[in-house]
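Trainee: I am new to this structure. Please take me through it term by term.

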Amino acid sequence: MGIIVGVIVAIVIAAAVGYFLFGKKSDTSSGSQLDKSPDSDVASLKESESSDDEAGKSESKEYKSDVGTDSESSKKEDDTEDEEESVEDTPEGVRLDESAEQEAEESLKKARRERKLKKLRQGLSKTRGGMIDKISALFKGKKELDPNILDSLEETLLSSDIGSATTLWLIEIVKGVLDKDEIRDPEAIWEIIKQEVENALSIEVKPWTFTEKPFVIMVVGVNGAGKTTTIGKIASALVNDGKKVVLAAADTFRAAAVNQLEIWGRRTGCEVVKPSKEGADPSSVVFDAMKQAEEQGADVVIIDTAGRLHTQSPLMEELKKISRVTTKAMDSAPHETLLVLDATTGQNAIKQVKEFGEALKIDSIALTKLDGTAKGGVIIGICHENKIPVRYIGIGETRESLRLFNPGDFVDALFLQDSESE
Ligand SMILES: Nc1nc2c(ncn2[C@@H]2O[C@H](COP(=O)(O)OP(=O)(O)O)[C@@H](O)[C@H]2O)c(=O)[nH]1
Ligand SMILES: [Mg+2]
(Lines give C-alpha, C1' and ligand atoms only; values in the text may rest on other atoms or scores of the structure.)
(Ligands and ions follow the chains in the order given, each with its own letter.)
Protein backbone atom coordinates (compact mmCIF):
# COMPACT_ATOMS: atom_id res chain seq x y z
CA MET A 1 0.00 0.00 0.00
CA GLY A 2 2.78 2.36 1.06
CA ILE A 3 4.57 1.47 -2.16
CA ILE A 4 1.44 2.23 -4.25
CA VAL A 5 0.98 5.63 -2.51
CA GLY A 6 4.69 6.31 -3.07
CA VAL A 7 4.41 5.51 -6.79
CA ILE A 8 1.27 7.73 -7.15
CA VAL A 9 3.03 10.63 -5.34
CA ALA A 10 6.10 10.15 -7.59
CA ILE A 11 3.89 10.22 -10.76
CA VAL A 12 2.08 13.39 -9.58
CA ILE A 13 5.43 15.13 -8.83
CA ALA A 14 6.87 14.04 -12.19
CA ALA A 15 3.75 15.35 -13.99
CA ALA A 16 3.97 18.71 -12.18
CA VAL A 17 7.68 19.11 -12.97
CA GLY A 18 6.98 18.12 -16.59
CA TYR A 19 4.25 20.73 -16.82
CA PHE A 20 6.52 23.49 -15.56
CA LEU A 21 9.46 22.43 -17.67
CA PHE A 22 7.77 21.64 -20.97
CA GLY A 23 4.10 22.61 -20.71
CA LYS A 24 4.78 26.35 -20.84
CA LYS A 25 7.27 26.02 -23.63
CA SER A 26 4.94 23.99 -25.78
CA ASP A 27 2.22 26.58 -25.09
CA THR A 28 4.46 29.26 -26.52
CA SER A 29 5.35 27.35 -29.60
CA SER A 30 1.96 25.94 -30.48
CA GLY A 31 -0.07 29.06 -29.69
CA SER A 32 2.47 31.57 -30.92
CA GLN A 33 0.35 32.96 -33.73
CA LEU A 34 -2.70 33.48 -31.56
CA ASP A 35 -0.85 34.78 -28.54
CA LYS A 36 1.43 36.98 -30.50
CA SER A 37 -1.07 38.53 -32.79
CA PRO A 38 -2.63 41.00 -30.31
CA ASP A 39 0.86 42.05 -29.28
CA SER A 40 2.11 42.27 -32.80
CA ASP A 41 -1.02 44.17 -33.78
CA VAL A 42 -0.15 46.75 -31.17
CA ALA A 43 3.43 46.68 -32.33
CA SER A 44 2.50 47.12 -35.94
CA LEU A 45 -0.01 49.80 -34.98
CA LYS A 46 2.72 51.59 -33.08
CA GLU A 47 5.03 51.07 -35.98
CA SER A 48 2.51 52.37 -38.43
CA GLU A 49 1.87 55.33 -36.10
CA SER A 50 5.53 56.03 -35.96
CA SER A 51 5.82 55.59 -39.69
CA ASP A 52 2.98 58.11 -39.92
CA ASP A 53 5.18 60.46 -37.92
CA GLU A 54 7.99 59.47 -40.21
CA ALA A 55 5.68 60.25 -43.12
CA GLY A 56 5.62 63.84 -41.95
CA LYS A 57 9.39 63.78 -41.88
CA SER A 58 9.79 61.82 -45.04
CA GLU A 59 7.16 63.99 -46.71
CA SER A 60 9.64 66.78 -46.23
CA LYS A 61 12.49 64.41 -47.05
CA GLU A 62 10.71 63.35 -50.18
CA TYR A 63 10.11 66.99 -51.02
CA LYS A 64 13.80 67.56 -50.35
CA SER A 65 14.75 64.89 -52.78
CA ASP A 66 12.10 66.16 -55.15
CA VAL A 67 13.64 69.54 -55.38
CA GLY A 68 17.17 68.83 -54.26
CA THR A 69 19.14 66.07 -55.87
CA ASP A 70 17.52 63.83 -58.41
CA SER A 71 19.80 61.03 -57.32
CA GLU A 72 18.31 61.12 -53.81
CA SER A 73 14.92 59.84 -54.87
CA SER A 74 16.35 56.92 -56.82
CA LYS A 75 18.65 56.18 -53.88
CA LYS A 76 15.55 56.00 -51.69
CA GLU A 77 14.03 53.40 -53.96
CA ASP A 78 17.27 51.42 -53.86
CA ASP A 79 17.32 51.49 -50.06
CA THR A 80 13.86 50.00 -49.99
CA GLU A 81 14.95 47.19 -52.25
CA ASP A 82 17.92 46.47 -49.99
CA GLU A 83 15.59 46.21 -47.01
CA GLU A 84 13.36 43.80 -48.89
CA GLU A 85 16.29 41.54 -49.63
CA SER A 86 17.55 41.44 -46.06
CA VAL A 87 14.13 40.28 -44.82
CA GLU A 88 14.87 36.89 -46.38
CA ASP A 89 17.57 36.19 -43.78
CA THR A 90 15.59 37.13 -40.70
CA PRO A 91 13.72 34.75 -38.36
CA GLU A 92 10.04 34.04 -38.96
CA GLY A 93 8.58 36.36 -36.30
CA VAL A 94 10.76 39.27 -37.34
CA ARG A 95 9.89 38.64 -40.96
CA LEU A 96 6.17 38.99 -40.13
CA ASP A 97 6.74 42.30 -38.33
CA GLU A 98 8.99 43.66 -41.01
CA SER A 99 6.72 42.72 -43.85
CA ALA A 100 3.81 44.41 -42.05
CA GLU A 101 5.99 47.44 -41.57
CA GLN A 102 7.00 47.37 -45.20
CA GLU A 103 3.40 47.03 -46.29
CA ALA A 104 2.47 50.07 -44.22
CA GLU A 105 5.40 51.99 -45.63
CA GLU A 106 4.49 50.99 -49.18
CA SER A 107 0.91 52.14 -48.79
CA LEU A 108 2.06 55.44 -47.26
CA LYS A 109 4.43 55.91 -50.14
CA LYS A 110 1.63 55.15 -52.57
CA ALA A 111 -0.71 57.60 -50.83
CA ARG A 112 1.96 60.31 -50.86
CA ARG A 113 2.62 59.78 -54.55
CA GLU A 114 -1.09 59.84 -55.33
CA ARG A 115 -1.43 63.12 -53.40
CA LYS A 116 1.40 64.63 -55.38
CA LEU A 117 -0.01 63.48 -58.71
CA LYS A 118 -3.39 64.91 -57.75
CA LYS A 119 -1.79 68.30 -57.03
CA LEU A 120 -0.01 68.12 -60.38
CA ARG A 121 -3.30 67.35 -62.16
CA GLN A 122 -4.92 70.28 -60.36
CA GLY A 123 -1.96 72.54 -61.17
CA LEU A 124 -2.31 71.74 -64.87
CA SER A 125 -6.09 72.06 -65.03
CA LYS A 126 -6.03 75.45 -66.79
CA THR A 127 -3.62 74.27 -69.48
CA ARG A 128 -5.69 71.13 -69.90
CA GLY A 129 -8.75 73.33 -70.45
CA GLY A 130 -6.90 75.55 -72.91
CA MET A 131 -5.41 72.85 -75.08
CA ILE A 132 -6.03 69.22 -74.27
CA ASP A 133 -9.81 69.50 -73.84
CA LYS A 134 -10.00 71.22 -77.24
CA ILE A 135 -8.01 68.46 -78.97
CA SER A 136 -10.04 65.88 -77.13
CA ALA A 137 -13.25 67.55 -78.38
CA LEU A 138 -12.02 67.15 -81.98
CA PHE A 139 -11.59 63.42 -81.42
CA LYS A 140 -14.70 62.84 -79.36
CA GLY A 141 -17.63 60.83 -80.67
CA LYS A 142 -15.73 59.83 -83.82
CA LYS A 143 -15.23 56.20 -84.69
CA GLU A 144 -12.58 57.13 -87.22
CA LEU A 145 -10.54 60.26 -87.84
CA ASP A 146 -10.28 61.58 -91.37
CA PRO A 147 -7.53 63.85 -92.75
CA ASN A 148 -9.89 66.88 -92.58
CA ILE A 149 -9.21 66.95 -88.88
CA LEU A 150 -5.70 68.27 -89.54
CA ASP A 151 -6.91 71.86 -90.18
CA SER A 152 -8.86 72.09 -86.92
CA LEU A 153 -6.01 70.38 -85.04
CA GLU A 154 -3.51 72.89 -86.43
CA GLU A 155 -5.75 75.78 -85.44
CA THR A 156 -6.13 74.42 -81.90
CA LEU A 157 -2.42 73.86 -81.47
CA LEU A 158 -1.53 77.31 -82.79
CA SER A 159 -3.95 78.94 -80.40
CA SER A 160 -2.51 77.06 -77.44
CA ASP A 161 0.89 78.77 -77.45
CA ILE A 162 3.09 75.80 -78.20
CA GLY A 163 4.58 77.76 -81.09
CA SER A 164 4.35 77.36 -84.87
CA ALA A 165 7.40 75.10 -85.27
CA THR A 166 6.11 72.64 -82.67
CA THR A 167 2.59 72.80 -84.13
CA LEU A 168 3.98 71.92 -87.55
CA TRP A 169 5.97 69.03 -86.10
CA LEU A 170 2.90 67.55 -84.36
CA ILE A 171 0.72 68.03 -87.44
CA GLU A 172 3.29 66.17 -89.54
CA ILE A 173 3.22 63.30 -87.07
CA VAL A 174 -0.58 63.03 -87.16
CA LYS A 175 -0.56 63.36 -90.95
CA GLY A 176 1.94 60.50 -91.20
CA VAL A 177 -0.16 58.36 -88.90
CA LEU A 178 -3.33 59.01 -90.92
CA ASP A 179 -1.83 58.79 -94.41
CA LYS A 180 1.11 56.42 -94.25
CA ASP A 181 0.17 54.15 -91.39
CA GLU A 182 -3.54 54.44 -92.17
CA ILE A 183 -4.43 54.48 -88.51
CA ARG A 184 -7.85 56.06 -87.99
CA ASP A 185 -8.70 55.05 -84.46
CA PRO A 186 -8.95 58.27 -82.38
CA GLU A 187 -7.78 56.48 -79.21
CA ALA A 188 -4.67 55.15 -80.94
CA ILE A 189 -3.85 58.57 -82.44
CA TRP A 190 -4.37 60.23 -79.06
CA GLU A 191 -1.86 57.80 -77.54
CA ILE A 192 0.64 58.44 -80.35
CA ILE A 193 0.45 62.22 -79.81
CA LYS A 194 0.84 61.72 -76.05
CA GLN A 195 3.89 59.51 -76.53
CA GLU A 196 5.52 61.91 -79.01
CA VAL A 197 5.02 64.79 -76.59
CA GLU A 198 6.53 62.75 -73.76
CA ASN A 199 9.53 61.93 -75.97
CA ALA A 200 10.01 65.61 -76.80
CA LEU A 201 9.91 66.51 -73.10
CA SER A 202 12.32 63.74 -72.08
CA ILE A 203 15.59 65.59 -72.47
CA GLU A 204 18.23 64.23 -70.18
CA VAL A 205 18.85 66.49 -67.21
CA LYS A 206 22.12 66.15 -65.33
CA PRO A 207 21.48 65.47 -61.64
CA TRP A 208 23.07 67.83 -59.15
CA THR A 209 25.66 65.73 -57.38
CA PHE A 210 27.33 68.52 -55.38
CA THR A 211 30.72 66.87 -55.69
CA GLU A 212 32.29 70.29 -56.25
CA LYS A 213 32.34 72.54 -53.23
CA PRO A 214 30.81 75.07 -53.47
CA PHE A 215 28.46 73.99 -56.22
CA VAL A 216 27.57 77.23 -57.97
CA ILE A 217 24.08 77.73 -59.40
CA MET A 218 23.49 80.91 -61.37
CA VAL A 219 19.82 81.77 -61.78
CA VAL A 220 18.78 84.01 -64.67
CA GLY A 221 15.55 85.20 -66.24
CA VAL A 222 13.44 88.30 -66.86
CA ASN A 223 11.92 90.34 -64.03
CA GLY A 224 8.91 88.69 -62.45
CA ALA A 225 9.67 85.24 -63.94
CA GLY A 226 10.00 83.79 -60.44
CA LYS A 227 13.79 83.68 -59.96
CA THR A 228 13.91 84.77 -56.32
CA THR A 229 10.96 82.59 -55.33
CA THR A 230 12.45 79.58 -57.10
CA ILE A 231 15.82 80.20 -55.41
CA GLY A 232 14.06 80.32 -52.03
CA LYS A 233 12.28 77.03 -52.71
CA ILE A 234 15.48 75.31 -53.92
CA ALA A 235 17.46 76.65 -50.94
CA SER A 236 14.80 75.41 -48.56
CA ALA A 237 14.99 71.91 -50.03
CA LEU A 238 18.79 71.86 -50.01
CA VAL A 239 18.95 73.00 -46.39
CA ASN A 240 16.51 70.21 -45.47
CA ASP A 241 18.90 67.86 -47.24
CA GLY A 242 21.65 69.02 -44.87
CA LYS A 243 23.42 71.34 -47.29
CA LYS A 244 24.96 74.64 -46.27
CA VAL A 245 23.79 77.23 -48.78
CA VAL A 246 24.95 80.80 -49.41
CA LEU A 247 22.68 83.12 -51.41
CA ALA A 248 24.20 85.93 -53.48
CA ALA A 249 21.95 88.97 -53.97
CA ALA A 250 23.30 90.03 -57.35
CA ASP A 251 20.10 91.79 -58.42
CA THR A 252 21.58 94.98 -57.02
CA PHE A 253 19.47 97.57 -58.81
CA ARG A 254 16.33 97.11 -56.77
CA ALA A 255 16.47 97.29 -52.98
CA ALA A 256 13.22 95.31 -52.93
CA ALA A 257 14.93 92.43 -54.73
CA VAL A 258 17.65 92.23 -52.09
CA ASN A 259 15.05 92.39 -49.31
CA GLN A 260 13.05 89.59 -50.90
CA LEU A 261 16.10 87.34 -50.97
CA GLU A 262 16.89 88.26 -47.37
CA ILE A 263 13.41 87.11 -46.34
CA TRP A 264 14.08 83.74 -48.00
CA GLY A 265 17.48 83.69 -46.29
CA ARG A 266 15.84 84.10 -42.87
CA ARG A 267 13.13 81.57 -43.69
CA THR A 268 15.61 78.92 -44.78
CA GLY A 269 18.51 79.75 -42.48
CA CYS A 270 20.85 80.61 -45.35
CA GLU A 271 23.39 83.39 -45.29
CA VAL A 272 22.70 86.16 -47.82
CA VAL A 273 25.63 88.12 -49.26
CA LYS A 274 24.37 91.59 -50.14
CA PRO A 275 25.69 94.53 -52.18
CA SER A 276 27.42 97.29 -50.19
CA LYS A 277 24.96 99.80 -51.67
CA GLU A 278 22.08 99.90 -54.15
CA GLY A 279 23.38 99.59 -57.69
CA ALA A 280 26.75 98.16 -56.61
CA ASP A 281 28.55 95.93 -59.09
CA PRO A 282 26.73 92.55 -59.07
CA SER A 283 29.98 90.73 -59.91
CA SER A 284 31.59 91.92 -56.69
CA VAL A 285 28.65 90.52 -54.70
CA VAL A 286 29.15 87.19 -56.46
CA PHE A 287 32.88 87.27 -55.80
CA ASP A 288 32.26 87.97 -52.08
CA ALA A 289 29.66 85.20 -51.91
CA MET A 290 32.04 82.65 -53.41
CA LYS A 291 34.82 83.72 -51.04
CA GLN A 292 32.50 83.49 -48.06
CA ALA A 293 31.23 80.08 -49.16
CA GLU A 294 34.77 78.80 -49.45
CA GLU A 295 35.79 80.16 -46.04
CA GLN A 296 32.73 78.67 -44.39
CA GLY A 297 32.89 75.37 -46.23
CA ALA A 298 29.43 75.91 -47.76
CA ASP A 299 28.17 73.29 -50.20
CA VAL A 300 26.19 75.49 -52.55
CA VAL A 301 26.12 79.11 -53.75
CA ILE A 302 22.94 80.27 -55.48
CA ILE A 303 23.18 83.54 -57.39
CA ASP A 304 20.09 85.70 -57.82
CA THR A 305 20.50 88.03 -60.80
CA ALA A 306 18.74 91.04 -62.27
CA GLY A 307 16.16 90.63 -65.02
CA ARG A 308 15.43 94.03 -66.44
CA LEU A 309 14.45 93.97 -70.07
CA HIS A 310 16.43 91.07 -71.48
CA THR A 311 16.71 92.68 -74.88
CA GLN A 312 18.93 95.36 -73.36
CA SER A 313 22.47 94.26 -73.95
CA PRO A 314 23.85 95.68 -70.65
CA LEU A 315 21.94 92.96 -68.78
CA MET A 316 23.40 90.21 -70.95
CA GLU A 317 26.86 91.74 -70.53
CA GLU A 318 26.33 91.89 -66.79
CA LEU A 319 25.27 88.22 -66.69
CA LYS A 320 28.26 87.16 -68.78
CA LYS A 321 30.52 89.05 -66.40
CA ILE A 322 28.97 87.33 -63.37
CA SER A 323 29.50 83.98 -65.04
CA ARG A 324 33.14 84.85 -65.76
CA VAL A 325 33.72 85.97 -62.17
CA THR A 326 32.52 82.60 -60.86
CA THR A 327 34.90 80.83 -63.27
CA LYS A 328 37.76 83.05 -62.13
CA ALA A 329 37.08 82.10 -58.52
CA MET A 330 36.65 78.42 -59.37
CA ASP A 331 37.55 76.79 -62.70
CA SER A 332 34.50 74.56 -62.93
CA ALA A 333 31.93 77.25 -61.96
CA PRO A 334 29.19 78.02 -62.69
CA HIS A 335 28.14 74.39 -62.36
CA GLU A 336 24.61 75.17 -63.43
CA THR A 337 22.98 78.09 -65.19
CA LEU A 338 19.27 77.80 -64.56
CA LEU A 339 16.90 79.87 -66.70
CA VAL A 340 13.61 80.72 -65.00
CA LEU A 341 10.66 81.20 -67.36
CA ASP A 342 7.12 82.31 -66.61
CA ALA A 343 4.66 79.95 -68.32
CA THR A 344 1.97 82.65 -68.40
CA THR A 345 3.98 84.55 -71.00
CA GLY A 346 3.38 81.76 -73.52
CA GLN A 347 5.49 81.91 -76.65
CA ASN A 348 7.53 84.75 -75.21
CA ALA A 349 9.13 82.14 -73.00
CA ILE A 350 10.37 80.28 -76.10
CA LYS A 351 11.92 83.52 -77.34
CA GLN A 352 13.61 84.11 -73.99
CA VAL A 353 15.37 80.75 -74.16
CA LYS A 354 16.92 81.82 -77.45
CA GLU A 355 17.94 85.26 -76.20
CA PHE A 356 19.48 84.10 -72.93
CA GLY A 357 20.99 81.15 -74.77
CA GLU A 358 22.91 83.50 -77.07
CA ALA A 359 24.64 85.12 -74.09
CA LEU A 360 25.04 82.15 -71.75
CA LYS A 361 25.19 78.38 -71.81
CA ILE A 362 21.82 77.50 -70.30
CA ASP A 363 21.94 74.10 -68.60
CA SER A 364 18.33 73.75 -67.56
CA ILE A 365 15.02 75.52 -67.19
CA ALA A 366 12.57 76.15 -64.37
CA LEU A 367 9.09 76.83 -65.74
CA THR A 368 7.02 78.68 -63.14
CA LYS A 369 3.34 79.59 -62.70
CA LEU A 370 2.02 76.60 -64.64
CA ASP A 371 -0.87 76.63 -62.19
CA GLY A 372 -2.07 80.07 -63.30
CA THR A 373 -2.21 79.71 -67.05
CA ALA A 374 -3.86 78.00 -69.98
CA LYS A 375 -0.58 78.42 -71.85
CA GLY A 376 1.36 75.63 -70.14
CA GLY A 377 1.59 73.79 -73.47
CA VAL A 378 4.48 76.16 -74.12
CA ILE A 379 6.67 73.63 -72.31
CA ILE A 380 6.37 71.38 -75.37
CA GLY A 381 7.59 74.21 -77.61
CA ILE A 382 10.44 75.06 -75.23
CA CYS A 383 11.75 71.50 -75.22
CA HIS A 384 11.07 70.69 -78.86
CA GLU A 385 12.66 73.88 -80.22
CA ASN A 386 15.59 74.32 -77.86
CA LYS A 387 16.48 70.82 -76.66
CA ILE A 388 17.25 72.25 -73.22
CA PRO A 389 15.87 70.17 -70.36
CA VAL A 390 13.26 71.42 -67.92
CA ARG A 391 14.54 70.66 -64.41
CA TYR A 392 11.75 72.21 -62.36
CA ILE A 393 8.16 73.23 -62.75
CA GLY A 394 6.34 75.62 -60.44
CA ILE A 395 2.69 74.85 -59.82
CA GLY A 396 1.97 77.31 -57.01
CA GLU A 397 3.48 79.72 -54.53
CA THR A 398 4.09 77.34 -51.62
CA ARG A 399 7.47 75.72 -51.09
CA GLU A 400 6.18 72.27 -52.07
CA SER A 401 4.87 73.64 -55.34
CA LEU A 402 8.30 73.51 -56.97
CA ARG A 403 8.70 70.05 -58.45
CA LEU A 404 11.42 68.18 -60.22
CA PHE A 405 10.05 67.80 -63.70
CA ASN A 406 9.01 64.26 -64.55
CA PRO A 407 7.92 64.01 -68.22
CA GLY A 408 5.88 60.82 -67.73
CA ASP A 409 3.86 62.13 -64.79
CA PHE A 410 3.50 65.50 -66.48
CA VAL A 411 2.11 64.07 -69.71
CA ASP A 412 -0.25 61.75 -67.81
CA ALA A 413 -1.58 64.72 -65.85
CA LEU A 414 -1.85 66.91 -68.93
CA PHE A 415 -3.50 64.40 -71.27
CA LEU A 416 -6.34 63.50 -68.93
CA GLN A 417 -9.62 63.43 -70.82
CA ASP A 418 -12.54 65.33 -69.17
CA SER A 419 -14.20 62.19 -67.95
CA GLU A 420 -11.06 61.23 -66.03
CA SER A 421 -10.28 64.62 -64.51
CA GLU A 422 -11.29 65.50 -60.96
N1 LIG B 1 1.22 80.98 -58.95
C2 LIG B 1 2.56 80.96 -58.95
N3 LIG B 1 3.24 82.07 -58.64
C4 LIG B 1 4.59 82.04 -58.66
C5 LIG B 1 5.30 80.86 -58.99
N6 LIG B 1 6.63 81.14 -58.92
C7 LIG B 1 6.74 82.45 -58.57
N8 LIG B 1 5.52 83.00 -58.41
C9 LIG B 1 5.17 84.40 -58.07
O10 LIG B 1 5.65 85.26 -59.09
C11 LIG B 1 5.97 86.53 -58.55
C12 LIG B 1 7.34 87.00 -59.03
O13 LIG B 1 8.33 86.16 -58.48
P14 LIG B 1 9.81 86.62 -58.16
O15 LIG B 1 10.49 85.46 -57.54
O16 LIG B 1 9.82 87.89 -57.41
O17 LIG B 1 10.38 86.89 -59.62
P18 LIG B 1 11.82 87.47 -60.08
O19 LIG B 1 11.60 88.91 -60.41
O20 LIG B 1 12.19 86.69 -61.29
O21 LIG B 1 12.75 87.26 -58.96
C22 LIG B 1 5.87 86.39 -57.04
O23 LIG B 1 4.65 86.94 -56.61
C24 LIG B 1 5.86 84.89 -56.81
O25 LIG B 1 5.16 84.51 -55.66
C26 LIG B 1 4.54 79.67 -59.33
O27 LIG B 1 5.05 78.59 -59.67
N28 LIG B 1 3.18 79.78 -59.29
MG1 LIG C 1 13.94 88.66 -57.94
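**Terms and values**

Mentor: Start with K369, which is buried because 24 other C-beta atoms lie within 10 Å. Buried means 20 or more other C-beta atoms within 10 Å of the residue's own, exposed means 12 or fewer, and partly exposed lies in between; C-beta atoms are placed from the backbone. This is a predicted model: local features need pLDDT of at least 70, side-chain atom pairs count only at pLDDT 80 or more, and totals for chains, interfaces and linings use all residues. Residues are numbered from 1 along each chain as its sequence is written, while chains are lettered from A and ligands numbered from 1 in the order in which they are written.

Trainee: What is the phi of K369, and where is K369 found?

Mentor: Phi is positive, about 60°, although K369 is not a glycine. K369 is found in the loop between β6 (364-368) and α14. Most residues other than glycine have a negative phi. Helices (H or I, at least four residues) and strands (E, at least two) are DSSP runs, numbered from the N terminus.

Trainee: Why does K387 count as exposed?

Mentor: K387 has 10 C-beta neighbours inside 10 Å, so it counts as exposed. Its place is the loop between α14 and β7 (390-394). Phi of K387 is also positive, near 55°.

Trainee: What makes K140 exposed?

Mentor: K140 has 12 other C-beta atoms within 10 Å, so it is exposed. K140 sits in the loop between α5 (125-139) and α6 (149-159).

Trainee: Why are α5 and α6 called roughly antiparallel?

Mentor: Their axes come within 10 Å and cross at roughly 170°. Axes are lines fitted to C-alpha atoms, for helices over the stretch in contact, and angles run from 0 to 180 degrees between N-to-C directions. Under 35 degrees is roughly parallel, over 145 roughly antiparallel, 65 to 115 roughly perpendicular, and the rest oblique. Therefore α5 and α6 are roughly antiparallel to each other.

Trainee: Which residues of α5 and α6 meet?

Mentor: K134, I135 and L138 in α5 meet I149, S152, L153 and T156 in α6. Contact means C-beta atoms, placed from the backbone, within 7 Å.

Trainee: How do you know that the buried residues of α13 lie on the same side?

Mentor: In α13 (residues 347-359), the buried residues are A349, I350, Q352, V353 and F356. They cover an arc of only 155° around the axis, so they are on the same side of α13. The arc is that of the directions from the helix axis to the C-beta atoms. The face turned away from the buried side carries exposed K354 and E358. The cover over the buried residues includes β1 (215-220), β5 (336-342) and α14 (378-386).

Trainee: Why does S323 count as buried?

Mentor: S323 has 23 C-beta neighbours inside 10 Å, so it counts as buried. S323 is in helix α12 (residues 313-329). Leaving out residues up to four places away in sequence, S323 touches M218, P334 and L360.

Trainee: Where is P334, and what is the peptide bond from A333 to P334?

Mentor: P334 is found in the loop between α12 and β5. The bond from A333 to P334 is cis, with omega near -5°. Another cis peptide bond joins K213 and P214, where omega is about 0°.

Trainee: How many residues surround ligand 1?

Mentor: There are 20, and the closest are G226, K227, T228, T229 and G394. A residue is near a molecule if its C-beta atom, placed from the backbone, lies within 6 Å of it.

Conventions
Two residues are in contact if their C-beta atoms, placed from the backbone, lie within 7 Å.
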